[in-house]
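Biologist: I am new to this structure. Please take me through it.

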Amino acid sequence: MVEMMKVGFYGLKGKEISLISIILVSTTFIMWSWERAPGRASFISSQTLMQFSSVVSFWLFSIFEDNLAIRSVVNILVPKPCILVNNKTTNRIKELNINVVSQAVSALSFSGRGESNAGTSPYTEPRVNLGLKIGLSFDVVEIFSSVLDEYDGSGKVSIGLSNATENKVCNHAKGKWVPDNHRPLYSGSECKQWLSEMWACRLTQRTDFAYERLRWQPKDCQMEEFEGSKFLRRMQQKTLAFVGDSLGRQQFQSLMCMITAGKETHDVEDVGKEYGLILSEGAVRPDGWAYRFLSTNTTILYYWSAVLCDIEPINVNDPGTEYAIHLDRPPAFMRQFLHKFNVLVLNTGHHWNRGKLKANRWIMHVGGVPNTDKKIAVVGGAKNLTVHSVVSWVSAQLLEYPSLKVFFRTISPRHFVGGDWNTGGSCNSTTPMSVGKEILDEESTDEVVANAVKGTRVKILDITALSQLRDEGHISHFSISAKPGVQDCLHWCLPGIPDTWNEILFTQI
């Protein structure tokens with residue numbers, strides 16, 4: 001037995017030794033922390049702890065399945081699960097200078113999913129895929145993967161257990177708006193590279209900008225401070241996709257401005273062609289945009305899909321043809337490119353009305369044929385079916401792409417008073433209704449999305465109630481494109497409320 005172990009260990013490659021080193025160092029520090037402060041530790045379920053032990057064992061066994069000696073050593077060295085360290089303890093082991101980690105990461109040859117292997121990070125997705133394919137929970141895999149997730153090549157590694165545990169108990173939709181003179185996060189008059197002129201209220205005749213200097217404060221927890229460089233590191237070698245209506249486009253433009261702090265940058269490449277996002281002949285604009293930050297190979301894209309349905313012409317030879325909107329079929333763009341995404345943010349809502357259906361010549365289809373169900377024919381029923389269908393579809397895809405994170409953003413509220421957009425409705429207030437008010441609801445006020453994601457792997461990005469308090473943040477009568485007497489109480493001034501949506505998204509990624 002001794003000879004077998006000796007031969008097996010000496011036969012290891014540098015990569016294999018490095019991987020063992022990472023696992024053992026990580027496990028040792030967790031156990032050491034527990035021994036130092038057992039009374040202050042917080043518990044994780046026994047099932048989770050058993051899974052954590054399984055991750056360690058499975059990885060090593062999968063690498064050394066033909067080496068009985070090493071498998072025996074693993075059984076001895078991998079500790080039995082007991083208790084995970086608490087936040088104070090994990091803070092003591094953050095930012096450790098571990099030379100073995102630097103050596104190990106450079107030795108690993110794992111490649112990411114969805115992009116070319118050329119120039120990709122060697123320590124990204126496959127370890128997550130591996131863990132989930134053997135039935136481990138997302139939490140366990142993320143805990144174990146955190147040893148490498150924040151590695152930047154400097155020899156330091158951040159063990160991100162503290163944030164993981166804090167975020168689990170924080171409902172970011174609960175809280176209040178508070179004044180913050182350090183806002184906004186970017187200049188609305190300078191972010192011309194990404195921000196559409198029609199949404200840049202600093203470029204209009206509006207003179208009151210107090211709406212820019214409010215920050216969302218979740219109740220009983222702190223929201224992670226957004227930093228463009230930190231976001232890019234977190235999304236290194238990854239792709240974030242927004243798919244939805246014009247409010248999704250606002251969130252996309254907001255994020256681009258937040259990452260660059262509103263400053264023009266030449267570190268970004270237009271990669272729209274990779275996703276078929278090009279200006280078609282006769283079109284006013286492409287179906288979306290895609291940009292890549294070259295320093296970290298981070299791609300941010302937006303695709304316009306107002307109702308999250310697959311839409312196709314009924315008669316391709318007729319310029320005036322009607323279009324089939326397949327309520328139970330996700331957009332073709334998502335089906336084609338989902339494998340390239342690491343984070344997906346969906347939204348829909350305001351195009352679900354009879355006026356839009358008629359104007360776009362949309363005909364509801366279910367099961368590939370025109371809908372005959374009267375319950376679905378009602379616009380609310382059609383929307384409900386679509387939201388549930390797309391959530392079910394994408395949740396099922398996560399079995400094949402377990403490292404993909406999907407968020408469904410709840411509906412952005414309208415604030416028309418005295419009529420709708422075309423009947424004299426207005427939103428002229430400059431004092432937010434949020435003054436002195438606090439959101440304390442546990443459940444989202446967008447019941448359609450909340451019910452659809454319940455019990456699935458799709459996460460809710462709940463922004464409805466907190467945005468409802470910000471009636472003064474709309475473009476109002478300062479729109480540069482609206483007809484006289486028509487106000488925009490649907491879209492937001494930027495900088496503005498969508499920045500907060502992205503701050504919450506950043507915290508939850």
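Modeller: This is a predicted model. A place to begin is helix α11, residues 246-260, which lies across β5, β7, β8, β11, β14 and β15.

Biologist: At about what angle does α11 run to β8?

Modeller: Helix α11 lies across several strands, β8 among them. Its angle to β8 is about 160°.

Biologist: Which strands stand at the edges of the sheet?

Modeller: Seven strands form an open sheet with mixed pairing, in the order β6-β7-β8-β5-β11-β14-β15. A strand with a single partner has one side left without a neighbour in the sheet, so the edges are β6 (268-270) and β15 (459-461).

Biologist: Which residue in β8 stands opposite A241?

Modeller: Strand β5 (residues 239-244) and strand β8 (residues 298-304) run parallel and are joined by six bridges. In β8, the residue opposite A241 is L301.

Biologist: How far apart are the end C-alpha atoms of helix α15?

Modeller: Helix α15 covers residues 379-397, which is 19 residues. At 1.5 Å a residue the helix should span 27 Å, and the model agrees, with its end C-alpha atoms apart by 27 Å.

Technical notes: Residues numbered from 1 in each chain as written. Predicted model: local features only at pLDDT ≥ 70, side-chain atom pairs only at ≥ 80, totals over all residues. Heavy atoms only, no water. Pairing = 2+ DSSP bridges. Helix = DSSP H or I, 4+ residues; strand = E, 2+ residues; numbered from the N terminus. Contact = heavy atoms within 4.5 Å. Axes fitted to C-alpha atoms, helices over the stretch in contact; angles between N-to-C directions. Expected span 1.5 Å × (residues − 1).
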